[in-house]
Amino acid sequence: GQQLHFQIHDGYPRFTGDYVVKRFHVYEKEQLRLKPGVPDVYLSSVKALTDSTGVALSAVPLNKQVTVGDRVVFNIRRRSGIELNKTDTIILDGITIYTTAGLGFSSRFTRGQNQIINCKITPGPTPEGATQPRLMSTAADGLNFAYMRHGPIVRNNEFSHMGDDAINFHGVTFPIFKQVSSTEILVGRPYGQENFDWIIEPGDEVRLLAEKNFAILADC
């Protein structure tokens, strides 16, 4: 129940090189949708037997949810379709995304009044030489905006068939590295090339959270 043999449909990239990945989605035989009842599939290993066939080993048994003839998508995640970084007031209007090897619309460290309106994410047309339609649009979230000074306006959009969330908004929690004094602390982040100075201003509120459950301890 953990070993799956697969064959790539005609008209789609061959199963070689960068296309040999462990991200895996299971779809119904007849419907263009993810198969109900199937958990997130994490492959322990995947091996190409030819450029169009291979064998995958799931980390969990799937014999009760996956049957012969089900369709799958191997999910390559690279760059986003549209990336905004350190911007101020952007309007995305009337854009259609058919596929991306990552997020559809991505934003980091933006301020101002940002709008995403009248946009669409949907699987593109069937590739030349293929008889099976595309099952997925973006490989990851449709709209993923983080570390913004103000949340965006999202209106009259249609997002479908993404490889992850339709919309994902999130901020950041800084771990306290050191208490310098009663009025000063040092916080840390393990990532480079971030621009928190672009969105954090003097006088902004700071919220202290409990270490284990993120309960609010104080606003200051």
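Eleven salt bridges are present in the structure, a salt bridge being a side-chain nitrogen of Lys or Arg within 4 Å of a carboxyl oxygen of Asp or Glu. The model is predicted, so local features need pLDDT of at least 70 and side-chain atom pairs count only at pLDDT 80 or more, while totals for chains, interfaces and linings use all residues. Residues are numbered from 1 along each chain as its sequence is written, and side-chain values use heavy atoms, with hydrogens and water left out.

One of the salt bridges joins the side chains of Glu28 and Arg33, with 3.0 Å from N to O. Relative accessible area is used here to class residues as buried (under 20%), exposed (over 50%) or partly exposed (in between), with a 1.4 Å probe and protein chains only. Glu28 is buried at 14%, whereas Arg33 is partly exposed at 46%.

A further salt bridge is formed by Asp204 and Arg149, whose closest N and O atoms are 2.8 Å apart. Asp204 lies in the loop between helix 1 (196-199) and strand 18 (207-209), and Arg149 in the loop between strand 12 (143-146) and strand 13 (153-155), so the pair ties together parts that are 55 residues apart in sequence. Helices (H or I, at least four residues) and strands (E, at least two) are DSSP runs, numbered from the N terminus. Both partners count as partly exposed, Asp204 at 29% relative accessibility and Arg149 at 28%. Arg207 forms a salt bridge with Glu205, and the closest N and O atoms of this pair are 3.9 Å apart. Arg207 is partly exposed, with a relative accessible area of 45%, and Glu205 counts as exposed at 56%.

The nonpolar residues were examined next. The largest nonpolar core has 18 residues, of which Phe6, Val41, Leu43, Val46 and Phe74 touch the most other members. A nonpolar core is a set of buried Ala, Val, Leu, Ile, Met, Phe, Trp, Tyr and Cys residues joined through side-chain atoms within 4.5 Å. Two or more residues of this core come from each of strand 1 (3-7), strand 2 (23-27) and strand 3 (41-48). The most is given by strand 3, with three residues. Leaving aside residues up to four places away in sequence, Phe6 touches Phe15, Val46, Lys47, Ser52, Thr53, Gly54, Val55, Ala56 and Phe74, where contact means heavy atoms within 4.5 Å. A second, separate core has twelve residues, among them Leu92, Ile116, Met148 and Phe159.

Nine aromatic pairs are found in a search of the whole structure. Rings of Phe, Tyr and Trp (its six-membered ring) pair if their centres lie within 6.5 Å; planes under 30 degrees apart count as stacked, over 60 as edge-to-face and the rest as tilted. Phe24 and Phe74 form an edge-to-face pair, at 5.1 Å centre to centre and with 75° between the planes. This pair links distant parts of the chain, with Phe24 in strand 2 and Phe74 in strand 5 (residues 71-74), 50 residues apart. Phe24 and Phe74 are both buried. The pair of Phe105 and Phe159 is tilted, because the ring centres are 6.3 Å apart and the planes stand at 40°. Here too distant parts of the chain are linked: Phe105 is in strand 9 (residues 105-108) and Phe159 in strand 14 (residues 158-159), 54 residues apart. Phe105 counts as buried at 1% relative accessibility, and Phe159 is buried at 16%. One aromatic cluster is formed by Phe6, Phe15, Phe24 and Phe74.

Val68 is placed in the loop between strand 4 (53-58) and strand 5. Val68 counts as exposed, at 79% relative accessibility. The C-alpha atoms of Val68 and Gly17 are separated by 26 Å, the two residues being 51 residues apart along the chain.
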